[in-house]
Amino acid sequence: MTQLTMSRRSFMKTMAITGAAAALATTAAAPKQALAVEENASTGEVKRVRSCCRACGKVECGVWVTVQDNKVLKVEGDESAPQSRGHCCAKSQSSMQALYHPDRVRYPVKRTNPKGSDDPGWVRVSLDEAFLLAGQKLGEIKDKFGGQSIFVMCGTSRVWSMGPYFSMKQLFGTPNAHLAYQVCKGPRHFAGIMTDEMGSPWMEVEAEPKVYVQWGTAPEYSNYDCTNRTISDVAPHAESHIIVDPRVTPLGKEADVWLPLRPGSDGAIVLGWTNWVIENEAYDDTMVRRWSNAPFLFIEDKPWLTEGWLPEANGGIDMKTKLLTEADLVEGGKYQRFMVWDENNNRLTYWDAEEGKWEGEEHRVPTDGRFIKHPLTGLVADVWLPTPSSFADPATEPDRFPEGADACNPLGLPKSPALFPGEVEVTLKDGKSYKARTVWDAFHDLTSQYDFATVEQITGVPADKLEEGVRIWTTRIDPDYGNGGLHFQLACDQNGNSIQNNRGLQILSCITGNSDEPAGNRGSTKTQFNGSPGFFGMQASAPFGPAAKVWPGRDYSLEDMAKYVQDFVQYLLDNNSPLAERYGNKVPSHDEAVIIAKRMGGAMLSSQSWPIPKTPFERGAAQVDAERFPLNRYWARWADSNTIWDACLQNADVAYSVHETPYEIHGGVCQSGDIMNMGNITRSWDATKELDFFADINLWFCPNNGNADVIFPCDHWLEIDTTRVSQGAGGMFGCGCKAVEPTGETIYDPDWNVGMYKALGVPWNTKDPDAAPAQNLNFAPQCASVIAEWTEKLGDDYDASGAPSYLWPDHDRVLKDNVDAWKTAEFPDGPTWAQAKEHFQKNGWMDCREWHPERWGTYRRHEMGWRRQQAGFNLFPLIDLHPGFMTPCGLVEIWSLICEAYVGDEAKFPAYVEPPTSPISTPELFDASLADQIDTTDFMLPEYVDDLKAMPENSFLMTTGSRQPVYFHSEHRQLPWCREL
């Protein structure tokens with residue numbers, strides 16, 4: 001069993017340190033009333049600032065902030081914000097109590113007493129002194145032990161505070177990021193990129209599904225990726241409401257079907273539902289046969305694994321597969337051609353992943369379809385739903401066969417990839433015969449082990465209720481599209497088998513036609529606003545030259561894309577498509593086509609800039625958990641939390657076991673993070689105590705910075721500017737706008753990122769020599785080796801004196817980089833930050849369906865050729881115009897080529913794994929008669945064995961994490977209004 005608690009003594013010691021820090025904060029800054037609603041005799045102007053609330057960090061509620069004399073008077077909902085329906089919650093309205101709280105950190109401080117002391121001895125220093133100290137100490141660690149010996153840490157998605165996700169890793173040259181992402185959204189995004197698209201599990205709940213399946217989430221309390229106001233409308237508006245949760249959630253008591261599963265057994269229900277869908281043919285036939293790898297053939301005893309590089313959204317993989325390809329059949333065959341059995345033409349045929357097409361035929365973009373109205377029509381634009389495409393018919397569509405249909409469709413019938421052809425005999429290039437089966441058949445072998453009687457035994461949910469739930473969800477109310485996606489969220493992330501569970505859920509959504517569909521699992525909102533200032537630096541990159549990865553259909557220029565737009569609209573007009581209305585029923589002029597091409601992403605992402613020739617897996621070899629968790633090495637987002645702590649504890653004298661790591665970690669930097677967000681608290685506390693240097697930027701003194709060497713004070717959301725994009729599929733974008741000027745010596749997080757770059761000597765910006773330099777970072781770089789490296793690279797352009805330089809740009813230039821790609825008729829070259837902010841103040845929240853109708857105002861984008869882009873949450877330029885998905889095989893992957901390549905054959909399907917601590921896997925923890933079998937090696941409750949024997953009826957399985965609506969994780973407990981509620 002994993003470590004469960006820290007001792008009461010350790011907890012009280014932690015709180016004592018926090019209390020001492022709070023006392024310092026009170027003396028370091030002039031105290032202000034927490035309420036900020038006292039009588040104000042001023043006659044100063046009252047103004048309202050349109051902004052975006054970040055009191056919780058999980059959703060983007062539009063708000064109005066009322067201000068007088070640089071003081072916030074109130075926060076209220078913004079009627080222009082469909083994603084929050086004009087509403088804001090108690091946390092939002094209480095934000096000014098945090099803004100003016102006397103315990104806020106308002107000045108930098110440094111430690112003067114050794115770590116482990118009850119009193120850290122915090123002493124106030126200037127901002128420049130804090131940066132100099134951080135640059136010096138972290139530079140020494142980097143020079144002595146290498147960049148990988150420093151970890152970076154980030155927690156909640158305060159979107160302007162996410163430097164550790166990328167730019168901080170780049171700063172130190174470290175692959176080691178401790179991210180709350182590991183247990184919050186990350187597993188869903190990880191599962192998405194292996195299935196159809198990164199972030200695809202995000203559901204368009206705002207469009208109000210006809211059947212609302214609420215799986216392991218309660219946004220009505222949590223505001224998690226969609227607002228409580230939205231969910232409170234969605235659930236009662238649905239024709240049926242199904243909840244999958246061990247507990248009755250706040251809205252769950254009104255649900256039509258409740259499936260109270262045993263905690264952690266989600267995967268069994270997923271496979272049970274999938275099995276029912278397969279055996280009752282409740283799947284979407286087009287999605288399964290045409291747009292997934294279900295019909296691909298594989299050979300279990302194939303004498304080799306077929307190898308080859310394949311592009312995918314994360315940057316490419318080196319495939320090693322049992323799937324049957326043309327390269328297995330004939331010498332010189334393409335490994336990108338995956339073989340299927342065509343039951344209509346009684347022959348082998350293939351899907352060509354490199355060209356995005358089935359053998360011998362051209363894909364025809366659908367011209368039929370209809371516009372789907374949003375429940376908030378008037379605020380939200382209609383979305384185009386194309387009719388699904390079909391395989392080419394030689395009899396009626398001979399023009400779709402450029403070289404004729406005789407070779408690829410010899411019986412003159414449209415292709416029909418078989419799902420259950422039995423064993424197909426094939427002869428490989430070695431001259432021997434083998435038996436091949438389909439992916440769908442093998443997947444059914446797995447799912448058939450989970451009939452509902454078996455699932456009932458595992459989960460405790462009655463078999464008849466399991467069937468009732470899936471039958472309601474898959475029985476279409478509108479025959480043109482599914483009833484809505486699966487709203488699965490945080491509970492599905494926080495499970496030992498989370499990525500496979502989430503893969504299973506997303507596959508289930510895809511095969512039932514509930515993925516990129518109305519109210520389906522659409523993925524991340526697509527807009528050209530980058531919603532995370534400071535996430536990326538502004539460094540120019542060199543082209544890859546001959547090493548660049550090129551394939552057919554790449555590298556269209558802006559002019560090429562404009563010509564494509566004109567040809568596409570002409571095609572719509574020629575076929576009398578209702579979609580032509582989007583373009584005014586006429587072919588756009590050249591200038592109009594350029595604007596449309598820009599809103600689609602502009603010129604394609606160049607093969608000279610993406611993907612990096614080396615795969616993420618190759619580049620991630622130095623990650624501290626690379627051997628322990630090879631998929632993390634591919635994913636390249638986080639390093640496992642516990643492995644990072646182990647690397648900090650290699651030489652520590654502790655009473656628990658520590659895994660050996662390939663090297664030690666000596667330094668850390670934290671931004672909006674929390675050492676208590678996962679893993680054992682004692683372990684994380686001890687680990688940060690061992691660090692040679694630890695820097696934190698924070699609003700508060702708290703346990704997270706109890707072992708810090710320097711603390712930087714950050715701005716509150718009411719004091720900052722930022723871009724903001726719907727965190728999920730809400731489809732809106734806008735801005736957070738500074739309502740009041742900061743007090744004390746606090747700093748905006750992206751400015752802090754730039755400051756940390758300067759402290760080490762690494763340029764933040766090398767692409768824009770005209771950038772205005774920051775005026776508040778007046779100190780010299782500290783790391784001699786970095787200074788020497790960049791002096792050699794940039795020559796006289798590199799200034800190590802500490803004087804202002806374009807290499808370290810100011811606030812507005814950093815923010816301009818986040819709106820620069822939004823090129824419109826009004827801003828053909830992209831707005832400045834001031835222009836973007838002014839536009840938002842005047843016009844309110846912007847609808848991606850209106851501003852980006854091709855990339856977000858269209859469902860089934862895989863049919864249109866508008867879905868293939870690099871991984872990420874923004875609207876990035878297209879990679880090509882191929883139909884399908886940016887997965888290794890170009891289709892929805894039921895058989896994961898990524899898992900097969902880096903974990904092995906056993907991980908190719910989303911198998912169910914019993915949680916490591918449960919009545920089934922560890923019965924000794926629940927049965928007093930087995931108590932002597934408990935392994936206490938890593939057990940941090942030694943008294944539990946005796947307690948279980950003394951009270952055998954008192955053992956139970958606990959599930960935690962239920963939200964309290966007025967708090968956010970550990971936040972807001974000091975705010976009077978929140979406490980009162």
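**Salt bridges.** I counted 64 salt bridges, taking a salt bridge as a side-chain nitrogen of Lys or Arg within 4 Å of a carboxyl oxygen of Asp or Glu. The model is predicted, so I note that local features need pLDDT of at least 70, side-chain atom pairs count only at pLDDT 80 or more, and totals for chains, interfaces and linings use all residues. Residues are numbered from 1 along each chain as its sequence is written, and side-chain values use heavy atoms, with hydrogens and water left out.

I looked up Glu 204 and found a salt bridge with Arg 849, the closest N and O atoms being 3.6 Å apart. Glu 204 lies in the loop between α6 (186-195) and β8 (211-215) and Arg 849 in helix α27, so the pair ties together parts that are 645 residues apart in sequence. Helices here are DSSP runs of H or I with at least four residues, and strands are runs of E with at least two, numbered from the N terminus. Glu 204 is buried at 0% relative accessible area, and Arg 849 is buried at 3%. I use buried for under 20% relative accessible area, exposed for over 50% and partly exposed for in between (1.4 Å probe, protein chains only).

I then checked Asp 516, which pairs with Arg 861 at 2.8 Å between the closest N and O atoms. Asp 516 is buried at 2%, and Arg 861 at 1%.

**Cysteines.** I searched the whole structure for disulfides (cysteine sulfur atoms within 2.5 Å) and found zero. For Cys 492, the nearest cysteine sulfur is that of Cys 184, 12 Å away. Cys 492 is buried, with a relative accessible area of 1%.

**Helix α26.** Which residues of helix α26 (residues 833-843) are buried? I list Trp 833, Ala 836, His 839 and Phe 840. They lie on the same side of α26 because they cover an arc of only 130° around the axis, taken from the directions from the helix axis to the C-beta atoms. On the other side of α26, I recorded Glu 838 and Lys 842 as exposed.

**Nonpolar core.** I define a nonpolar core as buried Ala, Val, Leu, Ile, Met, Phe, Trp, Tyr and Cys residues joined through side-chain atoms within 4.5 Å. The largest has 146 residues, and Trp 215 and Trp 273 have the most contacts inside it. Helix α9 (residues 266-279) gives the most to this core, with eight residues.
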